[in-house]
Amino acid sequence: MYLEEMFGLSKKTAVVTGAGRGIGQAIAIGLAKAGAEVAIISRSGAEETVRMITENGGSAYDLRADVTKEDEVDRAVAEILKRSGKIDILFNNAGICIHKGTLEASIDEWKSVIDTNLTGEYIMARAVGRIMIEKGIRGSIVNMASMSGTIVNIPQWQASYNASKAGVIHLTKSLAAEWVGYGIRVNSLSPGYIATPMAADVPQELKDAWEPLMPMHRMGKPEELITAVLYLVSPASGYTTGSDVIVDGGYTCI
């Protein structure tokens, strides 16, 4: 009973962005198993994730929106309010990465990464935070950062990604301080290398270079992030805000 009270999400509505696959999908499923109704926002749809949740007795639906476009986000949030009546949790996950050196990457590629990873999370947090404040909801927002916001990855070069994730970490601290008076907690999650479909597209020579740098000598699994997120969005973390939780198998320790 104690664990259910501390970590259970019954009667909560959780919004997850970018949950069509990978980390977002794993977290959406985990939140649903903890009892939350899950509303998924993605550009291309998340029918498979919704099916995986509902076939196991959970509650979920998906909406299509581009997180970099404020009007689309506002329409999606309005639809969630129409269907669910409130938003208690936001897992702000949508993101992209481009592995190119600074001299090779175009300004358009820089803008694409910054717009999605940083501005997109700002737009989503702003839209959801406004609703939480208006409705007096003591909610929880978890922004997807990365260990790349703390360290510089090698041997690949990805200045735009690293800068975007460092920005997410400081955005998180800024929102946490700004909204603490409303009872809204804002934290970030910083995974290390996780075996997702995005990682599957990375050249094998990069993966071979990463492994010796990992104290655990393996990539993480998306499912290994679920409990960290459950902690951050549940009553168990009632005194935690403005924190960046690193789950990287020890990578940033060395």
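Gln 25 counts as buried in this predicted model, because its relative accessibility is 16% and the limit for a buried residue is under 20%. The residue lies in helix H2, and, leaving aside residues up to four places away in sequence, Gln 25 touches Ala 19, Gly 20, Glu 48, Thr 49 and Met 52. Glu 48, Thr 49 and Met 52 are among the residues through which helix H3 makes its contact with H2, so a description of Gln 25 leads on to the pairing of these two helices.

The axes of H2, which spans residues 22-33, and H3, which spans residues 47-54, come within 10 Å and cross at roughly 25°. Because angles under 35 degrees count as roughly parallel, H2 is described as roughly parallel to H3. The crossing of H2 and H3 is right-handed, and the contact is made by Gln 25, Ala 28, Ile 29 and Ala 32 on the side of H2 and by Glu 48, Thr 49, Met 52 and Ile 53 on the side of H3. Sorted by class, the residues of this contact are five nonpolar, two polar and one charged.

From H5 (107-135) the contact includes Trp 110, Val 113, Ile 114, Leu 118, Tyr 122 and Ile 133, while from H6 (159-179) it includes Ala 159, Tyr 161, Val 168, Leu 171, Leu 175 and Trp 179. Taken together, the residues of the contact of H5 with H6 divide into 14 nonpolar, five polar and three charged.

The strands form an open sheet of seven, in the order S3-S2-S1-S4-S5-S6-S7 and with parallel pairing. Strand S3 (59-64) and strand S7 (244-247) stand at the edges, and because each has a single partner strand, one side of each is left without a neighbour in the sheet. From one strand to the next the twist averages 20°. Helix H4, residues 70-84, packs on the sheet and touches S1, S2 and S3, its direction making about 155° with that of S3. Helix H9 also packs on the sheet, where it touches S4, S5, S6 and S7, and the direction of H9 makes about 170° with that of S6.

Within the sheet, strand S5 deserves a separate look. What covers the account of S5 is its burial: five of its five residues are buried. Both faces of the strand are covered, with Ser 140, Val 142 and Met 144 buried on one side and Ile 141 and Asn 143 buried on the other. Four bridges join S5 to strand S4, residues 89-92, and the two strands run parallel. Along this pairing Leu 90 stands opposite Ile 141, and Asn 92 stands opposite Asn 143.

The loops hold several backbone details to check in the model. Most residues other than glycine have a negative phi, and most peptide bonds are trans. In the loop between strand S5 and helix H6, where Pro 155 lies, the peptide bond from Ile 154 to Pro 155 is cis, with omega near 0°. Lys 11, in the loop between helix H1 (2-7) and strand S1 (13-17), has a phi near 70°, a positive value in a residue other than glycine, and Lys 11 is exposed, with a relative accessible area of 73%. His 217, found in the loop between helix H8 (204-210) and helix H9 (226-233), likewise has a positive phi, near 55°, but His 217 is partly exposed, with a relative accessible area of 46%.

One further loop residue is Thr 102, placed between S4 and helix H5. Thr 102 counts as exposed because its relative accessibility is 60% and the limit for an exposed residue is over 50%. Its C-alpha atom is separated by 23 Å from that of Asp 208, a residue 106 places away along the chain.

Terms used. Residues numbered from 1 in each chain as written. Predicted model: local features only at pLDDT ≥ 70, side-chain atom pairs only at ≥ 80, totals over all residues. Heavy atoms only, no water. Axes fitted to C-alpha atoms, helices over the stretch in contact; angles between N-to-C directions. Parallel < 35°, antiparallel > 145°, perpendicular 65-115°, else oblique. Left-handed = near helix turned anticlockwise from the far one by under 90°. Contact = heavy atoms within 4.5 Å. Nonpolar A, V, L, I, M, F, W, Y, C, P; charged D, E, K, R; others polar. Buried < 20%, exposed > 50% of the residue type's maximum accessible area, 1.4 Å probe, protein only. Pairing = 2+ DSSP bridges.
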